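Work through these exercises with the structure open. Try each task before reading its solution.

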Amino acid sequence: MQSLGGIRSWPATWRTTTASMMTTTTTESVRKVAQVLTVAGSDSGAGAGIQADIKVCAARGVYCASVITAVTAQNSRGVQSVHLLPPDFVSEQLKSVLSDFEVDVVKTGMLPSPEIVEVLLQNLSEYPVRALVVDPVMVSTSGHVLAGSSILSIFRYRLLPVADIITPNVKEASALLGGVRIQTVAEMRSAAKSLHQMGPRFVLVKGGDLPDSSDSVDVYFDGNEFHELHSPRIATRNTHGTGCTLASCIAAELAKGSPMLSAVKVAKRFVDTALNYSKDIVIGSGMQGPFDHFLSLKDPQSYRQSTFKPDDLFLYAVTDSRMNRKWNRSIVDAVKAAIEGGATIIQLREKEAETREFLEEAKSCVDICRSNGVFLLINDRIDIALACDADGVHVGQSDMPVDLVRSLLGPDKIIGVSCKTQEQAHQAWKDGADYIGSGGVFPTNTKANNRTIGLDGLREVCKASKLPVVAIGGIGISNAESVMRIGEPNLKGVAVVSALFDQECVLSEAKKLHKSLTESKREH
């Protein structure tokens, strides 16, 4: 496989980011901002191309520089004209940006000539970046041809082999594969596998134009496993720029440090939510209008700046109102102590508090968690989560279905779901959950009649899950190490209730448990 400097060397998660998506470098006052460079065409209607890319990155909290490859005259009625920029001038733009900025990810859109692809490759060999996202733009959604057949060969043999991910729609995938038929999900899977053999690390074949499909299905392939990403079709004319938006959102999430699959899932949710939010707006008089990338400014509760990572599940603290009363402490004090002791994520589980009281407590806990860069989830209560702008919710098998929760919370909130079986784990992935809480592993007093699954059951759920897993149920300092020793790579941590909150000092117990987990992780 061909390599361009550092493009292919980035690990699954190559930067630890703070809640503000910046990392301190040398001093507290110098901060490295996540940066994307988009290399694409200009859309005078601003729904796609460079303009869409910049808007997406801004919406995702990432700085976006741009190199323009072509200028188009287009609007909601279609593309009227395309003017290609000289390759030498494209190269000058690339050198100008790459020699100055610390670009993390390059995203390509319209690359209208072999010469422009060559100058891109030359500059990337001179100025390596961490990841390359290739959206092989050849045909606009409205059907206008944006790149000729001469581009196919250089895409296949020069560009795709150095791409970290490619994001063709079914028409583009068909063109890259010599015109093969792609009209079913099975044919999308076959196409993704064939495209992967051309060299990209990951392939996402977009099925928005798939005929006779009741929902929108994208097929993701990592070289070993296929993942089908489903979402409801949204009836709207405002679909101009969806492909550019998806690829740019993936690039932005990668720039913030997300693993590839997480970046893809967030991007798909972002597009779905933006489409649904914008389905009735009217911009232009043609058949295909743009949509609103900045829904977060008008609907802040649907948007979360920071990115959930599986390792956030390491020490998962679940509060309990009865235990807090027993030890005469408030939920706020309990949360503060747990975070200070090393808790990496907090779930508020308050079964007895009145709604108004719980909401006020939740708001205070959100402030505490945000100031410490720790996510806060609400157990079961979607209404409380929305009202206090929590980072997400955790639901059980008898609660509201995950896909409905996702539709209410939007693309960026975290959703966890309790699972005891392989079938439940598979369904959680399909419905759009971000992680699984599996248990009870051991008997516990916090839930009556809770069937335990033991370490063998936990292992089976982990093996079946495509999501990160946190173990829960009867776990404490005496047995946490045995849980982590089961050796499943997607088991990311333990969730505890009594081990922290039914103790006199939450802080000291959290420190001891965190130390034990850290030592166990280091050993294994």
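**Exercise 1.** Find which residues Thr167 touches, not counting residues up to four places away in sequence. Then decide whether Thr167 is buried or exposed.

*Solution.* This is a predicted model.
- Step 1: Thr167 lies in the loop between β8 (165–166) and α5 (170–176).
- Step 2: list the contacts. Thr167 touches Val134, Asp135, Pro136, Glu172, Leu204, Lys206, Ala247 and Ile250.
- Step 3: look at the side chains. Those of Thr167 and Asp135 are joined by a polar contact of 3.1 Å.
- Step 4: check accessibility. Buried means under 20% relative accessible area. Thr167 has 0%, so Thr167 is buried.

**Exercise 2.** Classify the aromatic pair formed by Phe221 and Phe226.

*Solution.* 
- Step 1: count the pairs. The structure holds 6 aromatic pairs.
- Step 2: take the geometry of Phe221 and Phe226. Their rings are 4.3 Å centre to centre, with 25 degrees between the planes.
- Step 3: apply the cut-off. Planes under 30 degrees apart count as stacked. Phe221 and Phe226 are therefore a stacked pair.
- Step 4: check accessibility. Phe221 is at 4%, so Phe221 counts as buried.

**Exercise 3.** Describe the pair of Phe308 and Tyr435. Where in the chain does each residue sit?

*Solution.* 
- Step 1: read the geometry. Phe308 and Tyr435 are 6.0 Å centre to centre, with 40 degrees between the planes, a tilted pair.
- Step 2: locate both residues. Phe308 is in the loop between α9 (295–298) and β12 (315–318), and Tyr435 is in strand β17 (residues 435–439). The two are 127 residues apart, so the pair links distant parts of the chain.
- Step 3: check accessibility. Phe308 is buried at 9%, and Tyr435 is buried at 0%.
- Step 4: widen the view. Ring pairs link Phe308, Tyr316, Phe375 and Tyr435 into a cluster.

Definitions and conventions:
Residues numbered from 1 in each chain as written. Predicted model: local features only at pLDDT ≥ 70, side-chain atom pairs only at ≥ 80, totals over all residues. Heavy atoms only, no water. Helix = DSSP H or I, 4+ residues; strand = E, 2+ residues; numbered from the N terminus. Buried < 20%, exposed > 50% of the residue type's maximum accessible area, 1.4 Å probe, protein only. Polar contact = N/O pair within 3.5 Å; in protein donor to acceptor, adjacent residues only side chain to side chain. Contact = heavy atoms within 4.5 Å. Phe/Tyr/Trp six-rings, centres within 6.5 Å; stacked < 30°, edge-to-face > 60°.
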